[in-house]
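Please read these points with the structure open beside you.

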Amino acid sequence: MASYLILQKILKTGFVSEPAPQADPALRTREQALHAVILKVFGQAVAIRHVDAGSCNGCELEIHSLNGPHYNIDGLGVKFSASPRHVDVLLVTGPVSRHMEAALKRAYEAIPDPKWVVAMGECACTGGMFGESYASCGKISNVIPVDVEVPGCPPTPTALLQGILAAVSKGAPNADD
Amino acid sequence: MKIGDHEWRLDPIGPHIWRGRVETGQLLALSRAVKDEGGQLVALWGSDDRHLNGGFGIHVALLTGLGLAWVSCALPTELPAYPDLAHIFPQADRMQRAAFDLLGITATDAVDERKWLRHNAWAADEFPLRKDFSPLTAHRLPLPEVDAYPFIRVQGDGVHEIAVGPIHAGTIEPGHFRFSIIGDRILKLEARLGYTHKGIEKRFEGMDIATGARLAGRVSGDSHSAYAWAYCMAVEMATASAVPERALWLRALFLEIERIANHLGDLGYLGNDVALAFGFVQFWRLKEDWLRMSAKLFGHRYLFDRITPGGVATDIDAAGQAELDALASRIEIEVRELKAIYDEHATLQDRFADTGICKPELAAQLGLTGLAGRASAQAWDARTQFPQAPYDQLDVNMATQRRGDVLARAEVRFAEVYESLRLIRGILKRLPAGGIHAPLQPVQAVCEGLGWVESWRGEVVVAVRIAADGTLDRVHPHDPSWQNWPLVEVGVLDNIVADFPLINKSFNLSYSGPDL
């Protein structure tokens, strides 16, 4: 019975996935030597590890949304991975709380080179409302090198996807291609 | 107010909200009286009052038969201490430890004196919420990279530990879980939180009232409207400012939109966690439609900064009302279709039922609250029993279950989605005409207020004290996750480790909210 209802619902729903946005190279902040060979290997397939370094959980809501059917990131070759050892991109949200500083650095170090860091959201880009204090290191680039900054509170899934694509696309400035 | 046999001097400061001050010696008797009549401790926090009266303060928010009582005790400057309340209300334990970490005020004779919010960002003899603690110089001090915390160990043949976090496998907030297991069964779970502590309460100090609303909304981003409303309720109470009626109704509209968005997301993830990816995709499709409607009608997918001191920032016109009403009707039809599938799905029902049980007796004893509480027969919802306007005119139907398992928490979410959709349609029909914002009354002297809002997760309380110059002197935002995290530890006992993600998601508690 459940299977019948599921099939019926799937057929009735149809396709809701939308075309992907273009990469936004303007979001890039750090130049990195991108070898053509590596780009060919990654192509449009990229694995991401997300770390919440102290966010309010607003940005996480949009990361979840990005995994929903409208955005079809699997179809773009983008997937989220549980282990930093398996990924190309570290996606970081929040200001970096002092209590997450060591964990964030270790996650960054655990990712094999070459790697890209995407800072997501106002707090990650500037420290946001939380700023720097006894408990907060402020923006992500105060703690680890950042390649792409995606502003917004929180950034929409589309803006986030543009940032991720900008991090690994050939549209990057001075890409060795 | 009469509690038990004793008449306590508590004055009403808002609908169902009371204010009182007692001697430290009376705090225990008051707490026992509240507990005896079936009440609960909702929040506990401290304050540095040395610039006002020469000491410290300890504050409790108690749920009584007549509403929420905010009771304070003055503590001396030297060795500030108050009697331990955790032996009456176990949920006080972590709040008391946090009050010590932040202010250096001690709960006398408390069983658990371990640190809670403090890891390695400040030293044991420094107290960030004391007014003489400088937030800027302190963070330059070199501190140990690794933090040591004495977990409670389980010993015996075949027992071993699994340490999880602070970084988890999925897109989740950071926290550490220490499992002691035998085979696949969980013998003990101890959570260590505080990783996202980013100094929010210190940040409020000296901030202007308008900026404070933006920060309050970011205590826990998934409960933005609830926090922003509770904060605004508090500052409006403190400044004796009136809010236009239409603005109050729009705030309720935003709160119910937020509740539905979160419930849709959770119902999807609950399906995902039992390998029904179909459920995730369908519910997140509906959630995306819902968020896009918010962006279109109100200018933000999560309604950030739409609630401001004195009213709201965005109105809705007749066309918008019709559009929202139509979407609410479609979402209801679709959620009912999906509920029929969840009901019929044998694997899902098998995984949900009898998993992660919090029995009603234990829930009452430990103070389980919010939607998780209602799933364990803790039949209370601030919108129903102690409604603030406009809920006093909306007759909210409370959803309750007795099973206390994952299934019950899912059922409460379904029922609350339907009820919130009904409320939204009602609000749209009855939305009063008029303005949506009125300026706050100017601050003349030190003043205080308290806001109390039933978020999708449970009750959010924000206590505010405003300095004579109109800046914020002390703001304490309280998240219902404070009370509920210990129940996750209890609910997983004797379950298998593989069911932890499902049980955890069925509560979906905040880290950022209680980490502050």
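1. Start with B:E334. B:E334 counts as buried, at 10% relative accessibility. Buried means under 20% relative accessible area, exposed means over 50%, and partly exposed lies in between (1.4 Å probe, protein chains only).

2. A word on the source. This is a predicted model, in which local features need pLDDT of at least 70 and side-chain atom pairs count only at pLDDT 80 or more, while totals for chains, interfaces and linings use all residues. Residues are numbered from 1 along each chain as its sequence is written, chains are lettered from A and ligands numbered from 1 in the order in which they are written, and side-chain values use heavy atoms, leaving out hydrogens and water.

3. Which residue does B:E334 meet in a salt bridge? The partner is B:R330, at 2.8 Å, N to O. A salt bridge here is a side-chain nitrogen of Lys or Arg within 4 Å of a carboxyl oxygen of Asp or Glu. B:R330 is partly exposed, with a relative accessible area of 33%. Helices (H or I, at least four residues) and strands (E, at least two) are DSSP runs, numbered from the N terminus.

4. Look at two further bridges. B:R465 pairs with B:D473, the closest N and O atoms being 2.8 Å apart. B:R465 and B:D473 are both buried. Salt bridges that share partners also build one network, which joins A:K9, A:K12, B:R285, B:D289, B:R330, B:E334 and B:E337. B:D381 bridges to B:R383, with 2.9 Å between the closest N and O atoms. Both of these residues are buried too. Over all chains, the structure holds 51 salt bridges.

5. Now the whole of chain B. Its secondary structure comes to 17 helices and 17 strands. The radius of gyration is 22 Å, close to the 24 Å that the globule rule gives for 516 residues, so chain B is as compact as a globular protein of that length. That radius is taken over C-alpha atoms, and the rule is 2.2 Å times the number of residues to the power 0.38. Of the 516 residues, 65% count as buried.

6. Finally, check B:P486. B:P486 lies in helix α15 (residues 481-491) of chain B. B:P486 is partly exposed, at 22% relative accessible area. B:P486 and B:D208 are 278 residues apart in sequence and 35 Å apart in space, C-alpha to C-alpha.
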